[in-house]
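Here's a quick look at a ligand site and at some helix packing beside it in the text. Have the structure open while you read.

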Amino acid sequence: MHEYSVVQALLTQCEEHAMANKAKKITKVVVKIGVMSGIEPYLLETAFNTFKETTVCDGGEFIMNIQPLTIECQECKTVSELEKIQYCCPKCESIDVKVIDGEEMFLMSLEMV
Amino acid sequence: MCKDCGCSITTNKHQHEHTHVDEQGREYNHVHDHEHDEGKNVHESGHHHHDHDDSHKHQEAHAHLHDNPQLNDAKTIAVITKILDKNDHEARHNRAHFDEHGVLCINLMSSPGSGKTTLLEHMADLAPFKFGVVEGDLETSRDADRLHVKGIQAHQIQTGSACHLDAFMVHKALHHMDMEAMDVCFVENVGNLVCPASYDVGSHLNIVLVSIPEGNDKIEKYPVMFRQADLVLITKTDLLPYFDYDIEHEKIMARKLKPNVDILELNIKEEASIMRVIEWIEFKRKMRG
Ligand SMILES: Nc1nc2c(ncn2[C@@H]2O[C@H](COP(=O)(O)OP(=O)(O)OP(=O)(O)O)[C@@H](O)[C@H]2O)c(=O)[nH]1
Ligand SMILES: [Mg+2]
Ligand SMILES: [Zn+2]
């Protein structure tokens with residue numbers, strides 16, 4: 001499972017931000033996980049809590065916001081948050097849609113002391 | 001070749017495109033130069049992270065730029081960055097390498113045993129283009145050996161426990177390959193329908209294979225992978241008489257995830273079906289000029 005690799009990348013980012021901000025500790029990490037990012041949130045959380053101990057994030061809280069797939073229809077311009085994974089406008093059924101959110105993983109914010 | 005990373009860009013400066021993301025998580029691209037001078041960009045072999053010094057500064061500046069005034073109580077900082085941004089940066093670097101050599105890079109992904117290596121073996125005798133292969137497997141160099149027997153240039157990466165290839169591994173492998181001697185570079189990813197989908201390796205196109213014996217539900221079960229596909233190859237169609245497999249249903253499913261995806265059927269014993277895959281690749285190659 002690649003959740004471990006993703007957590008490694010995340011912890012490296014946290015270390016860099018802590019250093020840049022001269023922080024001693026990161027007390028909260030907020031991430032946004034798209035439903036189509038290919039990450040299993042439960043496994044990500046487990047991996048984070050396992051590997052944070054030896055890092056600046058030791059003891060830190062991990063907040064995951066799960067981002068539904070969000071598309072903008074290029075025909076009728078409706079923006080929809082989808083419940084089903086189907087790249088099709090729920091209003092006009094056009095398949096000419098642009099993905100706005102839900103396919104990526106983001107580090108959103110850090111709380112540090 | 002630049003000394004630090006072995007990339008063939010001769011000048012000190014080269015451009016990198018960066019994707020930045022604003023508060024709403026929307027992306028925008030911009031290009032910036034970065035210098036390649038010794039000591040700055042340390043490239044250690046056996047080490048996957050050879051970060052470009054300036055990308056760090058860049059990130060800091062970026063984080064600063066996006067400090068949210070409401071949250072900015074000197075404790076919380078908004079740092080909206082893709083978690084895999086370093087991999088994405090390296091992937092763009094790899095793509096720049098390929099572009100410079102006029103090489104089309106194709107990432108082959110599927111579950112174990114769907115027929116990736118077999119397809120590559122059979123293409124050797126039929127393809128009008130020259131190709132090389134970066135092979136990814138957990139263990140053994142069996143697949144690279146199979147390709148060497150067919151006279152194909154191949155370099156094996158043994159990922160150990162990593163269930164996917166990332167852009168850093170592919171970059172390292174490229175140092176072992178002669179880009180001048182190829183028109184197409186395939187990356188045969190680790191057999192896995194989950195993890196490789198999250199990692200851009202620097203390919204221009206993704207081909208996802210799914211074989212008849214795997215059953216009728218793979219596309220629905222692994223939407224993230226099939227969403228990445230530019231071409232879905234339904235393989236081992238010679239086995240259709242032995243399995244209840246509804247190809248038309250699978251095609252509908254694939255196009256629910258990606259309305260414009262190309263789909264071809266492949267039976268390795270039927271040369272015409274291999275030729276169709278080759279023609280697809282040739283077409284894409286020509287369309288890139
Ligand atoms: N019947 C049939 N068998 C095939 C076909 N293509 C591949 N195979 C067989 O499927 C098996 C696995 O093929 P490989 O090419 O090694 O699969 P792979 O995707 O490279 O596997 P990994 O690298 O381990 O992920 C081999 O025994 C092939 O002979 C086909 O079109 N029809
Ligand atoms: Mg193989
Ligand atoms: Zn619409």
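## Sorting the residues

For the classes used here, Ala, Val, Leu, Ile, Met, Phe, Trp, Tyr, Cys and Pro count as nonpolar, Asp, Glu, Lys and Arg count as charged, and the others, Gly among them, count as polar. With that in hand, the shell around ligand 1 splits into three nonpolar, seven polar and seven charged residues. Keep in mind that this is a predicted model.

## Who sits around ligand 1

There are 17 residues around ligand 1, and those that come nearest are B:Lys116, B:Thr117, B:Thr118, B:Glu188 and B:Asp238. As for secondary structure, helix H3 (116-126) and helix H4 (142-149) of chain B each put at least two residues into the shell. H3(B) gives the most, with three residues.

## Polar contacts and cover

With B:Ile268, it's a polar backbone atom, 3.0 Å from a ligand oxygen. On its own, ligand 1 has 660 Å² of accessible area, and the protein covers 72% of that.

## H3 against H9

H3(B) turns up again in a helix pair. Two packed helices are described by the angle between their axes and the distance between the axes. H3(B) packs with helix H9 (residues 271-287) of chain B at an angle of about 80 degrees, the axes being 10 Å apart. That makes the two helices, H3(B) and H9(B), roughly perpendicular.

On the H3(B) side, the contact is made by B:Leu119, B:His122, B:Met123 and B:Leu126. They meet B:Glu271, B:Ile274, B:Met275, B:Val277, B:Ile278 and B:Ile281 of H9(B). By class, this contact of H3(B) with H9(B) comes to eight nonpolar residues, one polar and one charged.

Key. Residues are numbered from 1 along each chain as its sequence is written. Chains are lettered from A and ligands numbered from 1 in the order in which they are written. This is a predicted model: local features need pLDDT of at least 70, side-chain atom pairs count only at pLDDT 80 or more; totals for chains, interfaces and linings use all residues. Side-chain values use heavy atoms; hydrogens and water are left out. A residue is near a molecule or strand if one of its heavy atoms lies within 4 Å of it. A polar contact is a pair of N or O atoms within 3.5 Å; within protein, one must be able to donate a hydrogen and the other to accept it, and residues adjacent in sequence count only if both atoms are side-chain atoms. Accessible areas come from the Shrake-Rupley method with a 1.4 Å probe; for residues, only the protein chains shown count as cover. Helices (H or I, at least four residues) and strands (E, at least two) are DSSP runs, numbered from the N terminus. Axes are lines fitted to C-alpha atoms, for helices over the stretch in contact, and angles run from 0 to 180 degrees between N-to-C directions. Angles under 35 degrees count as roughly parallel, over 145 as roughly antiparallel, 65 to 115 as roughly perpendicular and the rest as oblique. Contact means heavy atoms within 4.5 Å.
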